[in-house]
Amino acid sequence: MIPGSFEYHRPSSVQEAIGLLAKLGDDGRAIAGGHTLIPMMKLRLATPAHLVDLSGIADLKGIRADGSDIVIGAMTTQHELIGSDLLASNIPILRETSLQVADPQVRYVGTLGGNVANGDPGNDMPAVMMCLGASYHVMGKGGERRVAAREFYQGAYFTALEDGDVLTAIRIPVPPAGHGYAYEKLKRKIGDYATAAAAVVLTMSGGKVADCSIGLTNVAETPLWAEEAAKILNGSSLDAATVKRAVAAAEAITAPAADARGPAAYRTKMAGVMLARALARAKSKARG
Amino acid sequence: MNDMTPSSAERAAKLEGMGCKRKRVEDIRFVQGKGNYVDDVKLPGMLYGDLVRSPHGHARITRLDTTKAAAVPGVVAVLTADVLKTVNLAWMPTLAGDVQMVLADGKVLFQNQEVAFVVAESREAAADAVGLVEVEYDPLPVNVDPLKAMAPDAPMIREDIKDKTEGAHGKRKHYNHIFSWQAGDKAATDAAFEKADVKIKEFIVYPRVHPCPLETCQCVASFDKIKGELTLWGTFQAPHVIRTVGSLISKIPEHKIHVIAPDIGGGFGNKVGAYSGYICSIVASIVTGRPVKWTEDRIENLSTTAFARDFHMDVEIACTKDGKVTGLRCYTIADHGAFDACANATKWPAGLFSIISGSYDFPAAYCLVDGVYTNKAPGGVAYRCSFRVTEAAYCIERAMDIMAQKLGMDAAEFRMKNLIRREQFPYTSAFGWQYDSGDYQTALKKAMEATNYKRLRDEQKAKREAFRRGETRELMGIGVAFFTEIVGAGPSRACDILGIAMFDSAEIRIHPTGSGICRLGTKSQGQGHETTYAQIIATELGLPADTITVEEGNTDTAPYGLGTYGSRSTPVSGAATAMACRKIKAKAQMIAAYMLEVHDDDLEWDVDRFRVKGNPERFKTMTELAWAAYHEVPPGMEPGLEAINYYDPPNFTFPYGAYICVVDIDVDTGMVKVRRFYALDDCGTRINPMIIEGQIHGGLTEAFGIAMGQEIHYDPDGNVTTASFMDYFLPTAVETPHWETDWTEVPSPHHPIGAKGVGESPNVGGVPCFSNAVNDAFSFFGSTHIQMPHDHWRVWTAAEELGLHG
């Protein structure tokens, strides 16, 4: 559990970080909170010769409103998400989810950018970002571009990030006032990744679902956006039969691995159970 | 006495003796981060050792090249089995009478087995070099299933003993067979089964788990070439045993070995044995002439040093139709891994497993245990229990529930009917154990009243009916467990380790000013010995506990003892402490008589003093007598006030308890919520109720971990898949339920102060209680037994198989 030796760099601007990463090539790795990379280094599954620490870059911090969006700097910690009044009143599912990420010690250091950028299917925020229709600001050799969260994840630890890219911010459209939301996560203990988890954001109108979006965590190689399940629910009153059909549609897109959390079939079922519970709770919170 | 003299009760209270909730004196340093652990030992010129380990579960080593590793800057030496052979240390004896590779000799037998030992100027350089030791393996067929170990075509684990037909415990019946051990009366038991009205049979597995202390195993070996002396600091629960075994293995004379166990961060049986890292560190220090530190990481700890359990038990109970048990039979396969490094008293290859008749009056009983080799890590330690007692308690407590279910009787009522009755003590069990004391019915009755058991059953029934009507998706389970432990090994007629009788010791010196020091052969790993032994002395000698230093762990200064495990410190060294006190007190009495010019018999003891009978104003306090012992002893008497006692207990002690647990199970996810857990313990005389409560809390938390989520799991290729806290369930404060504790107090009649030991009871009784609660919830749907651990997916699967998901 001793990492190999490495050089440590602490740039103070995004440009400097990108320059360093470009220069170092395969030998360099950007590090945010480090909760994925450092354990990999201790196991010597990752042996970067250079670490480029992003925590000294002031521009990567902070939560701000930008028109109808909220923009969160990539190096904002989970703890800061929990404490943000702006998020609490506009996108409360982020606070609810953050409180279920890892444990308090990890949340003091773990960042939103790291959580969404590294492509670990066990991370909680990617499915929530897909659910919310977020996009990621990415800076690279060719300047800045934006990638939709729903387009970002390609496989376990494979994302739309190119070598030398830095994910700088997360842009989230604020859901309509009065929306319902829930993040339901089944885990074995505090600090654990989800056996299965479901994120739901919905709006109700006249007792019917006006709009609905669903994300699923840790039940495939990537986080999942359950588009078909959401379509089934739109226009419904979330009656038992419709929910059952939506759950079946959500379960159908899962492909979990068997692990100590349980066999694949169990984890698929749990994705369905979490979805049903998230829908019920989201509905109870929604106005309209 | 005048009005200014404090009363006896006031003086007794000031002593903080037995019965006092004295705060733990060791915590003053622990809570300030000032403990002194092995990792705090830093010596000039110290080197660091790190182990190369096998990625395979079973493979022949075809090439081992240390050239590149040795060339890493800072690397001083690389040990392999070939190097160890030059000092005849490639293999070492185990406590169980087997031999074990120190470093892989020709092949590896389990994943993460020790293959080479790199020694370097820094931990970092050692870790770098570990990756550069080149080892080529030719994989062999793997077996990790003990039930298949004795199949005709099973992979042969131990080629080194393939021709050995006699094991350490009799004839071997297969090349993967270690021992057969039986107890009880087979013929009488078979006859009881033939006559039985009702019989049950169940296959019950107690999975492989790990003691998992927060501090892993580690040592610092420092060999002084000039003096020819070895000093070994280490995480040792039994420092003297380590010294003796170390001397026998290394041929260094025992007086030239100094073993020091400093503060230890939890042991739970993990730190009893001798491990490759220790031997390699010693050899490396001899070779390099410099101190060598070895520190295990978490993965190494979980996957290599000392697992526990892995017992696979076929149990049967015979019973009359009105619910009186008549016979017990159990056949067990015990998986000991690749080497038999089980930590048991040497004569007992399955430990004290024949306590399996538990707390019940079985007229006939029989058990047979076969130990087998598999491609798994060696060990088989008594994890927070006396040797194999928790396996036995789990088995009988589950089996009693299953029989109650078959009879249609309530689990508590069935137990009440079969518990050994108070008037039967001392009670000789069908296996021949002499249970010294107990009042079981009173304990169970108290537990049932405290939890309002009947109301719980009514609530459960209502909830189950609501579940059947589709009004709830939750089921309620009620677990009842009544356990009897057998601890305090042990009477030397029954117990030894490699021929060393399992006595223990205390040496007490009272200084002239009335304070003192007590040194013992045991070793606290968090139990609070510095606090509790001083309380025994306070009560016995009338000196304030605060004036007594308690010291353990240094073999140069402590009297010989067998160490701390199996709840033996209080039953054995606690007794030795009391007996040494009584020698001191007898001498003090003679001094007092001389000073007061009366006959010894004219004196009586009063809390902290001897006083003249009928004339209480004439007295000498123990503090005065301590001073006198150094300057005015009676003519002919040796000066000084000290004593030593080696205590060989006449019998084991038998702590017991009645536990009740209530769980609510989310049938759709398999999540089990512990609503309530009530634990009543009888550990005899209670030395420090606060420490007892802490011990119960800790043991219950471990039991909760074991029952609800722990398993050291191997895949069919021999890969251990649970070697980190990501997948090995160690509960945190968040998951841990609230504990309710209670007690009764039936002193042990043969122990000098009536104490029985308590640290392990909650693990022994807790595991079956949790498991019974989960099983109870499903028993009403026809299930008899669901294997542990009761984690979400297994509980969900049980519900699925019962058709409860619709």
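Axes here are lines fitted to C-alpha atoms, for helices over the stretch in contact, and angles run from 0 to 180 degrees between N-to-C directions. This is a predicted model. Two helical sites are covered: a helix pair in chain B and helix H1 of chain A.

**Helix pair in chain B**

- Helix H17 (residues 689-709) of chain B and helix H18 (residues 761-779) of chain B have axes that come within 8 Å. Those axes cross at roughly 45 degrees.
- That angle makes H17(B) oblique to H18(B).
- The crossing of H17(B) and H18(B) is right-handed.
- H17(B) makes the contact through B:Gln695, B:Ile696, B:Gly699, B:Leu700, B:Glu702, B:Ala703, B:Phe704, B:Ile706, B:Ala707 and B:Met708.
- H18(B) contributes B:Pro762, B:Asn763, B:Gly766, B:Val767, B:Phe770 and B:Val774.
- The residues of this contact between H17(B) and H18(B) split into eleven nonpolar, four polar and one charged.

**Helix H1 in chain A: two sides**

- In helix H1 (residues 14-24) of chain A, the buried residues are A:Val14, A:Ala17, A:Ile18, A:Leu20, A:Leu21 and A:Leu24.
- Viewed down the axis of H1(A), these buried residues fall within an arc of 160 degrees, so they line one face of the helix.
- A:Gln15 and A:Lys23 are exposed on the other side of H1(A).

Notes
Residues numbered from 1 in each chain as written. Chains lettered and ligands numbered in written order. Predicted model: local features only at pLDDT ≥ 70, side-chain atom pairs only at ≥ 80, totals over all residues. Heavy atoms only, no water. Helix = DSSP H or I, 4+ residues; strand = E, 2+ residues; numbered from the N terminus. Parallel < 35°, antiparallel > 145°, perpendicular 65-115°, else oblique. Left-handed = near helix turned anticlockwise from the far one by under 90°. Contact = heavy atoms within 4.5 Å. Nonpolar A, V, L, I, M, F, W, Y, C, P; charged D, E, K, R; others polar. Buried < 20%, exposed > 50% of the residue type's maximum accessible area, 1.4 Å probe, protein only. Arc of directions from axis to C-beta.
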